[in-house]
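Hi,

Here is the structure I said I'd pass on.

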Amino acid sequence: RAKQHGRGCVEVFHPEMHAVLMERLDLEADLRRAVDQRELFLVYQPIVELETARVVSFEALARWNHPTRGVLFPASFIPLAEETGLIASIGRWVVREAVAAARRWDESLPGPRLGISVNMAASHLRLPGAVDEIASVLAAAGLEPTRLTIEVTENELVREHDEAADALYALRELGVSVAVDDFGTGFSSLRYLRQLPVDCVKIDRSFLVDVDTSPEGLAFVRSIVGLGTALSLHTVAEGIERPTQLAELRRMGCRYGQGYALAKPLNEPEVVPWLSAGTPVVAVS
Ligand code: C2E
Ligand code: MG
Ligand code: MG
Ligand code: MG
């Protein structure tokens with residue numbers, strides 16, 4: 001690929017390749033301004049305790065309201081942010097914004113305090129001071145560290161002697177929880193689950209696809225839940241789209257779930273009204 005030949009190297013492109021490259025360069029320049037110009041925003045997807053149908057927390061998911069392209073999903077800008085090093089400034093903004101939102105919910109809602117989960121790139125966590133910054137944000141906002149969960153994808157946690165592991169220990173020290181995201185899709189050894197200070201595994205949505213239609217699919221998810229339980233980890237099933245999937249997860253004792261069958265991601269102004277309305281999150285059977 002051209003990138004490997006370094007900048008300023010002349011190469012012959014097909015016109016389509018040229019178009020793709022120009023679009024990428026455009027998007028990269030745009031992304032540099034997006035944080036400052038407040039074009040990023042967060043949506044919040046409920047995480048539900050399956051047994052009780054109670055909403056226990058929300059996961060913050062990034063969106064980019066691009067001036068000409070409309071609302072973009074993370075798949076179209078997070079990888080670019082990682083390649084260009086913009087991921088840390090986006091990550092800092094996400095933490096501040098999500099923590100502030102959780103404090104606003106505290107003011108508007110009686111009852112048990114909600115947790116807030118934030119996705120973070122391991123490359124960001126590896127930067128010196130990353131955890132100190134999170135600590136400062138929590139202190140400034142007055143949010144109990146135990147209410148924050150940092151989600152890191154399994155795939156990013158597989159290096160030996162990784163500074164990201166140090167960051168995870170520092171987070172635990174602080175009282176912040178750590179979740180392994182997209183669990184089951186990476187190449188990590190199960191050993192990591194024991195070694196790293198992890199509190200929660202999020203079972204990737206791809207495993208949920210046939211949990212309600214195939215005995216093998218069911219056995220797979222059940223074994224991940226069993227592993228989590230054996231290691232005293234919380235288990236969250238991602239991407240529950242059908243009541244039949246939900247029923248199987250409840251039956252096998254998966255404690256938490258997330259997915260369109262429970263609730264889609266909400267815009268921030270919708271969160272409090274949605275919770276106050278009594279939350280039509282599927283009946284407990
Ligand atoms: P994730 O953390 O695994 O988030 C779950 C994704 O699945 C979200 O997609 C969510 O909208 C989607 N989803 C939830 N329930 C369902 C369902 O029932 N069915 C289906 N088909 N999809 C469902 P989204 O928002 O497009 O985010 C994609 C990924 O981008 C996230 O996966 C996360 O890894 C990453 N991401 C999102 N926000 C951030 C961020 O602020 N920072 C970083 N570093 N990564 C982020
Ligand atoms: Mg996540
Ligand atoms: Mg996930
Ligand atoms: Mg996932």
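Let's start with the ligand: the side chain of Arg-205 has an N or O atom 3.3 Å from a nitrogen atom of ligand 1, a polar contact in the sense of a pair of N or O atoms within 3.5 Å. Gln-45 does likewise, with a side-chain N or O atom 3.1 Å from a nitrogen atom of ligand 1, while a polar side-chain atom of Asn-119 sits 2.9 Å from an oxygen atom of ligand 1. On its own ligand 1 has 800 Å² of accessible area, and the protein covers 83% of that (Shrake-Rupley, 1.4 Å probe).

Before you read on: this is a predicted model, where local features need pLDDT of at least 70, side-chain atom pairs count only at pLDDT 80 or more, and totals for chains, interfaces and linings use all residues. Residues are numbered from 1 along each chain as written, chains are lettered from A and ligands numbered from 1 in written order, and side-chain values use heavy atoms, without hydrogens and water.

The shell around ligand 1 has 23 residues (a heavy atom within 4 Å). They divide into eleven nonpolar, four polar and eight charged, with Gly counted as polar. Strand E2 (54-66) is one of the elements giving two or more residues, and E2 gives the most, four (strands are DSSP runs of at least two residues, helices of at least four).

Cheers

Methods
A polar contact is a pair of N or O atoms within 3.5 Å; within protein, one must be able to donate a hydrogen and the other to accept it, and residues adjacent in sequence count only if both atoms are side-chain atoms.
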